[in-house]
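Me: I am new to this structure and would like a close look at a single part, the place where the two chains meet. Could you walk me through it in a connected way?

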Protein chains: 2
Amino acid sequence: MNYSALSTAELNDLYLELQSKFDAYKSRKLSLDMSRGKPCTEQLELSVGMLDVISSSDSLKTRDGSDSRNYGGLDGIAEAKELFAKVLKVSVNEIIIGGNSSLAMMHDTLSRAMIHGLYSSKTPWSKLPAVKFLCPSPGYDRHFAICELFGIEMITVDMLPDGPDMNQVEKLVREDAAIKGIWCVPKYSNPDGITYSDEVVDRLASMETSAEDFTIFWDDAYTVHHLTDNPDRLKPMLAACKEAGNPDRVLMFSSTSKISFSGSGIAVMAGSESNLNYIRKQLAVQTIGPDKINQLRHTRFFKDTDHIKAHMEKHAAIIKPKFDTVLSILETALSGGGIAEWNKPNGGYFISLNTLDGCARAVVSMASEAGVTLTKAGATFPYGKDPRDRNIRIAPTFPTLSELTTAIEILCLCVQLISIRKLLADKE
Amino acid sequence: MNYSALSTAELNDLYLELQSKFDAYKSRKLSLDMSRGKPCTEQLELSVGMLDVISSSDSLKTRDGSDSRNYGGLDGIAEAKELFAKVLKVSVNEIIIGGNSSLAMMHDTLSRAMIHGLYSSKTPWSKLPAVKFLCPSPGYDRHFAICELFGIEMITVDMLPDGPDMNQVEKLVREDAAIKGIWCVPKYSNPDGITYSDEVVDRLASMETSAEDFTIFWDDAYTVHHLTDNPDRLKPMLAACKEAGNPDRVLMFSSTSKISFSGSGIAVMAGSESNLNYIRKQLAVQTIGPDKINQLRHTRFFKDTDHIKAHMEKHAAIIKPKFDTVLSILETALSGGGIAEWNKPNGGYFISLNTLDGCARAVVSMASEAGVTLTKAGATFPYGKDPRDRNIRIAPTFPTLSELTTAIEILCLCVQLISIRKLLADKE
């Protein structure tokens, strides 16, 4: 049933019917938080064994014989660098292990760029009249928040089914030297669940940029976070940049926040040795090194990439039913109505729902009246402003299946109700 | 035997005698690293029980019921804030728990000041023609390195037996609005082992400053690190600033790096609520929060300030003999010679040795010929330049008693030899 084919009377009837269902939910005074991509308790339980691999009876020595309990190890212990080099398909010298937060590594990288510039920069960015970043959107709100904090102007670029619109990207970076970087979540993107195609990777790696220090901030947050047996494949970006003769163009970031524990994981960055050596010098002034015991905990628990793969299959077994539930309810309630579109991701943490233009804020607001907290409408765009006011990010992992079912049913009702209001208004 | 009373012939004879002792050490091809204030293995063993208080069979819930394994907790869990508030004598709202490094918290605070300014600033510091810091010296080399990284001009202020020379400090900050801060290690100072007197604390808190955002960087690193039963007492600085009507003047820093594990401790900062709320806003963009499991580990292991006190007594039992050994060898070899002075600290991690003017670099260099690595001469002063070239920082904690004995005997020989060379040159 395509809503646009319905008459005013039919729409009014349908509205009343849906409204009474919505009122029934509202009277239940629910409180369901669907706002952030957090693992659920069952997922966290998968890693509790990590708390047992380092006890007082275990050796606290790292592979090279140093005491993990003492100072030292600026960019990580050898075994952690080796493991994450394999995960990110780079060499061990192209890895810096950080603290518990890849977001902090990205923030700090931009902070250093503002004050000192990057390896390829002639000038600290704060000394320039303007610094701009390309923000393929919908994207990750916390990336955009970092740009806002540093006064970096954000330019929205459309997301296509295989990554950012490269025609837009290539034109912009060729013409404007103030464009210093681009934010990318290249695999199972936040929120679309898109994985960049080989062509997009190659074009990003090889495109002509006006800024000589143009940097791809490659947030490979969901690199092993598959939901299917036939996962998406992402072309390795650092290798692509090297092949294209631009080895210093990319800085990659990742973490175990959604592999082990969200607050107590290991963050990591990767890039060319020249890029990282420049950063290591500044890092040596900031810190004597990240928590090495926690690195040992991770390397002893996860061992190698095969064990990580097996571990991620357990995550998938827990969260795939949640994704399926959301997709199934969306399908039942909204399919064929011409009032919403959504993605079916092969991995990651989100389902991205697009309503009719101009409806997302009203939908999110209405859902909150029934006790369902969704990510703020607009959050997935720079400055929190979705130009078409249509994108809603659904985070299925944290709630229980039953909570999720209720929340998505309410969300669908809100999409239907707000869409009918819009269609009725359009008819007037 | 005062060296200056000796004749040229006597000095030459003594030189040959000492030289042959030095050559004997040299032939042993030793390798003794005395360069950094690191805890020794025995000290690290004191905290291994901390690795057992959080296992897979323990609750990972914090006191407020939240799951320490998941995201959240920007400025720390309640029980950690409560514990460190007691240690630093501030209220729980005046505490931010960080990652594993108080150095990183200091670095990041200055980084934020450069880009955004501080709570009391009108202008980001990077937009100002000059930013200067007072550096009571000898002081902590890593503080000075942070200033160098950010291009902050360092002004050396003399250390007196009860803290920085306040006459110098008061005059400088009253006259020069570019002076934005002062580095202080107020208790068992690095390297002098001095604890600031109440008068110094009060004068710092109440002095008139030309910069309205003048900030005391109060690195209370050794606040519970006593070596005696009759420890130094430091007047609480935040309270003093409040009393003086300057509540936002101080930012305090500390950590458990030399209480629990040096790479896997808990760092903390403290200050007025206004100051910290300003920082919390920016921190919320940098990170979702520090490692909460490690905070739980610390609060469950250390429980309260009484337990910390008892724990620090065990540290003292291990390292006090090392301090005593150094002091005893210095006394035997150098006392009454008129060629060196040193402090006898009641706590902290260092013994500060002053040679005759112009001798420190030569002493450190000579010691390295015999395989003894000391902190680089000059490191305890801004830009690595000791204007009188006389200060040597001795870090007694890490080596074994036997290594320490050898290293300090060699150091004393070097001081004697280089001093005789100087005295002989002066006679010419």
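**Where chain A meets chain B**

Reply: Happy to. Across the interface of chain A and chain B in this predicted model, 23 residue pairs are in polar contact, both residues of each pair being at pLDDT 80 or more. On the side of chain A that touches chain B, the elements giving two or more residues are helix H2 (41-45), helix H4 (102-116), helix H5 (141-149), helix H9 (273-286) and helix H10 (292-302). H4(A) provides the largest share of that side, with eight residues. By type, the residues on this side of chain A divide into 22 nonpolar, 21 polar and twelve charged.

Charged partners also meet here: the count between chain A and chain B is two salt bridges. One of them joins the side chains of Arg69(A) and Glu45(B), at 3.1 Å from N to O.

Now for the extent of the interface. Contact involves 55 residues of chain A and 55 residues of chain B. Together the chains bury about 4,400 Å² between them, with 55% of it on carbon and sulfur atoms. Within chain A, the residues that lose the most area to chain B are Arg69(A), Tyr71(A) and Val285(A), together 17% of what that side buries.

Finally, here is how the two chains are related. Chain A is superposed on chain B by a rotation of 180° with 0.0 Å of shift along its axis, giving an RMSD of 0.0 Å. That is the relation of a two-fold axis. Of the interface residues of chain A, 100% are also interface residues in chain B, so the copies meet through the same surface.

Methods: Residues numbered from 1 in each chain as written. Chains lettered and ligands numbered in written order. Predicted model: local features only at pLDDT ≥ 70, side-chain atom pairs only at ≥ 80, totals over all residues. Heavy atoms only, no water. Least-squares fit on C-alpha atoms with pLDDT ≥ 70 in both. Contact = heavy atoms within 4.5 Å. Buried area = accessible area lost by both parts, 1.4 Å probe. Salt bridge = Lys/Arg side-chain N within 4 Å of Asp/Glu carboxyl O. Polar contact = N/O pair within 3.5 Å; in protein donor to acceptor, adjacent residues only side chain to side chain. Helix = DSSP H or I, 4+ residues; strand = E, 2+ residues; numbered from the N terminus. Nonpolar A, V, L, I, M, F, W, Y, C, P; charged D, E, K, R; others polar.
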